[in-house]
Amino acid sequence: MEGFWTRFALRIWVGVILLFLFIPILLIFVYAFNQSNIESWPIPGLTLKWFGQTWNDPEVHSAVLLSLQAASAATALALVLGSCAAFAIHRLAFFGRDVVSLLFVLPLALPGIITGMALNASFHFSGITLSLWTIVVGHTTFCIVVVYNNVLARLRRTQGSLIEAAADLGANGFQTFRDITLPLISTSVVAGAMLAFALSFDEVIVTTFTSGAQNTLPIWIFGAIRLGQRLPEVNVVVSFVILVTIIPVVIAARLTGGSGVARVQAGR
Amino acid sequence: MSEIEAGSVGFRRLAIVAAAALVAVAACGGNTTGGSTSKPPPTANIKPPTSVGAGEGQLNLIAWEGYVDTSWTKPFTAKTGCKVSPKYAGTSDEMFTLMADGGGGQWDMVSASGNASIRLIYAGDVKPMNPDLIPDWPNFQTYFKAPPYNTISGIHYGISLQWGPNVLLYNTKKFPTAPTSWSVIYDKGLSGLITAYGDPMTIADAALYLAKAKPDLGIKDPYELTQKQFDAAIALLKEQKPLIKKYWGGAADEIALFQNGDVMVGAAWPYQTIQLKLAKAPVADTIPSEGATGWGDTWMLATKAPHPNCAYLWTQWVSTPVVQAEQALYFGETPVNTKACAQMEVQSPGSCAQYHADAPGSYFDTIKFWKTPIADCGNGSLTCVPYEKWQSAWTEITG
Amino acid sequence: MAIAATGRPRKGGEAVRLQAIVWRMPWLRATLLLIPPLGWFVLVYLASLVLLLVTAFWTIDTFTAEILQVWNLDNFRVIFTEATYRNIIWRTVALAALVTATDAVLAFPFAYYMARVASRRVQTILFAAVLLPLWASYLARVYAWILILNHSGLLNWSLLSIGLPPAEIGYTNVAMWVVFAYIWLPFMIIPTYAALERVPESLLEAAADLGARRWRTLRDVVLPLALPGVVAGSIFTFSLTLGDYITPILIGGAGGQGARDFLGGSVFIGNVVYSNVGIANNVPFAAALATIPVGIMAVYLLAAKRLGAFEAL
């Protein structure tokens with residue numbers, strides 16, 4: 001429908017934005033080979049030594065492990081709680097429903113430093129020692145939001161008549177859920193889980209306030225940046241994470257991006 | 001009257017009293033004393049251990065950048081099995097905050113400078129240590145065995161570590177000869193090429209400069225400032241602010257600023273000079289004619305330290321002459337162990353004299369060590385500006 | 001006993017009866033589902049926020065940083081009367097608005113292309129390309145910008161090599177603007193794209209049939225329908241800029257570089273809150289200051305709800 005020049009201009013724009021998005025990432029890749037441990041342009045020389053050093057660095061190992069643990073636990077909890085919330089809000093029209101929807105958006109809508117400070121204050125107040133579990137509590141709080149949004153958006157697009165039809169055919173609640181509802185929302189659940197995992201894995205602000213001496217990967221990275229002695233190690237780790245997540249990200253994109261459901265409904 | 005009425009009258013009376021109490025409390029609120037050093041430290045009665053047990057396998061340290069380098073932590077871990085996890089802080093305030101609540105059961109030790117150590121002691125966040133458990137302690141310079149910033153009423157709240165000056169770091173291409181006065185960092189001709197330490201202690205640097213530049217202010221001690229002296233220092237820093245490119249919050253910040261040519265001059269620790277020279281940057285440092293502020297660091301033990309044995313083992317390790325020399329050369333500071341001088345000569349000839357490791361006690365009197373400003377001016381008057389005013393003034397300057 | 005469609009009597013009488021009760025009362029099921037997440041939110045999140053609010057009315061012993069539960073309004077008085085803090089608040093809101101506007105402008109054509117022009121395959125690739133940076137550590141990406149923007153960095157080097165004067169925007173508010181716009185861009189693109197994708201083709205055809213030209217259609221049909229998505233994205237860009245302290249610490253300077261520090265300083269709400277909590281250990285003051293962004297976001301969220309952003313999240 002758009003004219004040739006419009007499409008051309010749009011393509012240029014997309015190209016520029018992609019460049020904008022990816023130049024810093026390319027720099028991260030290149031500077032993983034930096035000879036000096038201080039980052040300056042142009043790059044003084046290339047070396048492979050940082051790869052070996054990062055691979056053998058016990059601090060990196062424990063940071064990555066802790067991040068994976070926290071992200072898994074938070075995502076699992078968020079999946080259960082977020083999906084429950086989405087189902088409830090979708091079905092139920094009750095007084096205060098709007099307030100509850102607003103409530104579920106807060107952890108992402110309020111700046112992270114506030115969530116972090118608030119949680120820290122309550123842990124301190126109740127005498128709970130900071131540990132992996134306090135980190136998980138912090139992460140779960142905003143991961144729930146992500147799962148909730150995704151599942152709710154999908155629920156709104158599914159046709160309630162399918163559920164009713166299943167009931168008419170004699171399926172009980174559990175069967176309906178297992179055979180009809182779950183497959184319909186599965187893609188949004190997976191996409192929500194992946195987004196929640198990504199958010200938790202890269203989260204630094206709330207984690208700073210809910211962790212004690214434990215280092216998740218982002219906290220380790222922040223410390224390494226402040227210290228400045230091992231910047232190439234940071235680049236190595238981040239490059240590795242990017243490469244490892246390309247496949248899951250493409251899968252997530254397939255699941256949520258070109259889903260085509262909306263277009264079908266629009267009657268294209 | 002009936003019981004119900006009596007009850008309700010009683011309740012009303014209680015409510016009035018409660019409300020009045022609240023109002024009274026609220027009215028009294030906001031009164032700060034500016035230094036509660038009148039009571040003894042809360043942990044004074046905690047008896048330190050008389051022997052060091054087996055290591056617990058882990059040690060969590062809060063340290064300045066460059067204080068926990070792998071070249072001396074690796075042999076330590078190999079020897080004792082204590083895995084060292086450092087958290088680097090850029091300012092004393094950060095360290096103090098991290099150590100809140102006795103370290104929160106997370107942190108074992110902190111390498112506190114003089115302006116944090118007193119606050120830590122009086123907040124009860126650190127507990128007494130037993131110097132007899134440190135074999136090298138008898139070899140420490142006398143002043144550093146019981147300096148006022150970590151020993152109170154004969155109780156040692158930590159073991160002295162190292163000390164050093166805040167130097168003037170400059171780009172040798174811009175300044176072929178070393179600047180001779182701190183006035184260079186207030187020079188309007190260098191706008192956008194200056195950096196300064198992003199911490200309220202910079203006010204003391206300004207006061208030190210004004211002690212010579214404006215002698216009629218009568219500044220004797222840059223940490224004990226009357227309101228008039230304080231206001232003069234603040235005014236100077238407000239004039240300086242438009243000239244600053246960026247306030248550095250940690251060594252790595254400043255290293256990046258000099259390395260990339262963003263700034264040409266500023267106050268620094270010798271560590272930055274050493275690292276920049278290693279990266280072949282054209283820099284050098286000097287102590288100008290007005291003198292310098294400095295810092296004396298102590299390894300302090302957190303009240304709720306989860307790994308006290310590893311903590312003592314670590315303190316023993318970093319007090320040995322070899323490690324004292326290594327750290328001194330790595331950071332550019334001065335060891336407290338008199339035997340370290342010989343080691344420094346072995347590793348880098350001439351360094352002992354360069355870092356004043358063999359200086360007489362009188363030399364320390366020329367360095368204005370960081371300490372927490374309190375209202376007590378030390379000469380009987382209580383009109384000096386306390387630290388919380390330094391913090392709020394600093395926010396005003398940089399905001 | 002309930003008889004299943006196959007004619008066999010169903011087993012597990014008690015469980016089935018419970019199930020039947022729950023099935024017949026959908027509100028019961030929904031309420032049971034709602035209790036765990038709502039319980040979490042109220043007991044963990046809301047309670048913490050309330051505690052933080054309460055802390056704002058307390059004060060600390062400045063020497064030992066011990067929190068004194070002495071009720072007073074000092075913290076709020078300082079924030080509202082001292083010019084320093086008013087400037088900081090105004091400056092942060094201005095930057096957040098600027099970043100949001102910039103991202104909206106940058107994201108819209110991109111999202112439009114993705115939603116309406118690109119083929120299915122290109123759509124997936126572009127969507128993955130927008131998601132991928134979210135997986136590259138936020139800190140590492142911000143730090144990479146220092147490399148680009150500093151005095152001898154990539155930007156100045158590129159400008160010099162084509163004969164232009166160096167931009168010298170390192171450690172200035174312009175740098176903060178650029179970096180914030182960069183970091184939050186994916187958060188704006190995704191909801192905008194989702195909203196644009198939902199615009200039914202039939203509406204656009206109808207507009208064309210009624211004689212509207214492309215720009216008119218864009219202005220009168222597409223933009224209003226895409227607005228909820230843009231507003232949803234703006235919630236993130238606005239709130240994330242409002243409370244961020246890491247980017248000001250890494251990218252920000254001292255605020256004295258003239259026009260490039262156009263907001264009159266480089267200290268923002270996030271910096272001050274963080275330095276009060278993480279450095280000065282004055283949690284009550286930080287909590288008091290933190291109520292400002294909460295208040296701002298509350299207003300923003302209400303406005304966003306009106307514009308339908310919540311359906312577009």
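1. Let's start in chain B: strand β1 (residues 58-63) is mostly covered, with six of its six residues buried. Here buried means under 20% relative accessible area, exposed means over 50%, and partly exposed is in between (1.4 Å probe, protein chains only). Helices (H or I, at least four residues) and strands (E, at least two) are DSSP runs, numbered from the N terminus.

2. A quick word on the ground rules. This is a predicted model, where local features need pLDDT of at least 70 and side-chain atom pairs count only at pLDDT 80 or more, while totals for chains, interfaces and linings use all residues. Residues are numbered from 1 along each chain as its sequence is written, chains are lettered from A and ligands numbered from 1 in the order in which they are written, and side-chain values use heavy atoms, leaving out hydrogens and water.

3. Back to β1(B). Gln58(B), Asn60(B) and Ile62(B) point one way, Leu59(B), Leu61(B) and Ala63(B) point the other way, and all are buried. The strand pairs with β2 (residues 83-88) of chain B in the parallel sense, over six bridges; two strands pair if DSSP finds at least two bridges between them. Look for Asn60(B), whose bridge partner in β2(B) is Ser85(B).

4. Now the salt bridges (a side-chain nitrogen of Lys or Arg within 4 Å of a carboxyl oxygen of Asp or Glu). Asp101(B) sits in the loop between α3 (92-98) and β3 (109-113) of chain B and Lys304(B) in the loop between β13 (293-302) and α10 (308-319), so the pair ties together parts 203 residues apart in sequence. Asp101(B) is partly exposed at 38% relative accessible area, and Lys304(B) is partly exposed at 44%.

5. Chain C has a salt bridge between Glu201(C) and Arg116(C) (2.9 Å, N to O). Glu201(C) belongs to helix α9 (residues 201-209) and Arg116(C) to helix α4 (residues 83-117), 85 residues apart. Both Glu201(C) and Arg116(C) are buried.

6. Finally, where chains A and C meet, the contact (heavy atoms within 4.5 Å) takes 101 residues from chain A and 95 residues from chain C. How many salt bridges does the rule find across the interface of chain A and chain C? Zero salt bridges turn up there. By class, the side of chain A that touches chain C has 70 nonpolar, 19 polar and 12 charged residues. Ala, Val, Leu, Ile, Met, Phe, Trp, Tyr, Cys and Pro count as nonpolar, Asp, Glu, Lys and Arg as charged, and the others, Gly among them, as polar.
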